[in-house]
Amino acid sequence: MGGVTETLLLVLVVVTALAFDFTNGFHDTGNAMATSIATRALRPRTAVLLSAVLNMAGAFLSLAVAATIAKGLVDAGAISLEVVFAGLVGGIVWNLVTWLFGLPSSSSHALVGGVVGSVLAAAGTEGVLWTGVVAKVLVPALLAPVVAIGVAATGTYLVARLTRGIDDKVTGRAFRWGQVGSASLVSLAHGTNDAQKSMGIILLALITAGAVPADSSVPFWVIFSCAFFMALGTYLGGWRIIRTLGKGLVEIDSRQGMAAETSSAAVILLSSYFGFSLSTTHVATGSIMGSGVGMPGATVRWGVAGRMLSAWALTLPAAGIVGAACYGIQHGVGGLLGTLLVLALLVGAATAIWVASRRRPVNHTNVNEQWDERHDGGLRRSVTAPDAAAPDVTTADAAGTDAPSEDEIHARRANALAYTTDRPSDEEQR
Amino acid sequence: MNEYIEWGALGQVVGAGLVVGAGIPALFALALRLLAGTTAPPQERHDASTGPAEVPGPVVIARPPLWRLVGALLCFAVVIGAVASGIVFLAAGGHS
């Protein structure tokens, strides 16, 4: 009987880890692709497809999996399958809640929060290594956006200075390609880093349950399923978050998009190179804000940024509370029944959030609509039946609801830079 | 505070981040600036995917002098080299 329970628990942990992997892809599409979608460098569905393919490729590219979860954050001895399960549920629930509100927040912080919460419930405060939590989670979360804002603002400012006076039509095309290139690198980096987390969890669960030997490498089915679910999540696209990042924070043009994505890619890769890991989400969001700070004439909607920052601050405690509550229920009810009850609650909560999201759906047809801060970034029209309404929305779009926005942005920026039109001819005479 | 922040690593990330993260877009922009004045937009060959709405920039007179073409090529080469080393880094493990 014990063997059967153990096996079922293992299966549940694997399934939940894959579900977390899915929400991770879903949540983080915007980090790489929001700017490309907003500047129309790529059509929305092309962008998420590209990102999904690169995430999948990234997951296979590097297999240096750390078979540890929350290493240095919780006492390794406090981790059991139940703790991991409750932690995963905490992470998933927080990812879904922030998705509903269109707030980008770090998926890895949600996972860490969930696990820390369930360890607290299981082993008490001694189970958590607080210095590690502060040094590896809280401090980087504060520093990442600052670093990214600085880098992206500098890059954007340089780009704006260097391209001033050149025809937007010429630079726009080149920068859109640069933007797609740098966004692709961000997607690839996300695939190599984040799919590994789920692989690590599943491997750890398999080792704990004795299904594979302790020195086992990651089985192929684990690599494949993690890559697949992450890619699937990415492809389905967290449109609500893409919208916030691409339209809500800053009105972005292709020069800013290119500078922002390059800054994201550089900071993410360099921070892992120097062993000072920063969250992809925090860096990407900071870079987009920085592209608004550095571009003369552009504005950052600090209200949106503030909401985002509070979501980041809440991520750890909120996911932790859910994780702790799940562990409490699991333990209180006891055994497999408790675990199944938590699973049922998770499915119920996920369904409720999904139903709530249908009241004001955001999808590839309306992701680029004008942002109206007075209505909380609300959409002017609600798309009740996305498929049926799609042609309608496209027509409205083509009729110029926000099609000229990039031109307007350019005009405004051009004025802000006060360039004179004879500038290009100066260049030609040389 | 040193217990909580690894200043050395942070400094390296900020320094290298500024050089690479701001330098690459700047080089890209510089290359475009050097090329501005060619008869065709530099990225013409990608036309098909950028959609039909795009009208090419104004057709201008002279080819830029050789040094500008060489300079632009060098800039693009550095940019492409940086992207390539990023991919190699990811493939080689991606996290230390």
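The charged end of Arg240(A) sits over the ring of Trp99(A), 5.5 Å from the ring centre. Such a placement requires NZ of Lys or CZ of Arg within 6 Å of the ring centre and within 35 degrees of the ring normal.

This is a predicted model, in which local features need pLDDT of at least 70, side-chain atom pairs count only at pLDDT 80 or more, and totals for chains, interfaces and linings use all residues. Residues are numbered from 1 along each chain as its sequence is written, chains are lettered from A and ligands numbered from 1 in written order, and side-chain values use heavy atoms, without hydrogens and water.

Over all chains there are 11 aromatic pairs. In one of them, the rings of Phe26(A) and Trp99(A) have centres 5.2 Å apart and planes at 55°, so the pair is tilted. Rings of Phe, Tyr and Trp (its six-membered ring) pair with centres within 6.5 Å; planes under 30 degrees apart are stacked, over 60 edge-to-face, the rest tilted. Phe26(A) belongs to helix α1 and Trp99(A) to helix α3 (residues 81–100) of chain A, so the pair ties together parts 73 residues apart in sequence. Helices are DSSP runs (H or I, at least four residues), numbered from the N terminus.

Burial is compared below: buried means under 20% relative accessible area, exposed over 50%, partly exposed in between (1.4 Å probe, protein chains only).

| Residue | Relative accessible area | Class |
|---|---|---|
| Phe26(A) | 12% | buried |
| Trp99(A) | 10% | buried |
| Arg40(A) | 39% | partly exposed |

Arg40(A) lies in the loop between α1 (2–38) and α2 (44–61) of chain A. Its phi is positive, about 60°, although Arg40(A) is not a glycine.

Methods: Helix = DSSP H or I, 4+ residues; strand = E, 2+ residues; numbered from the N terminus.
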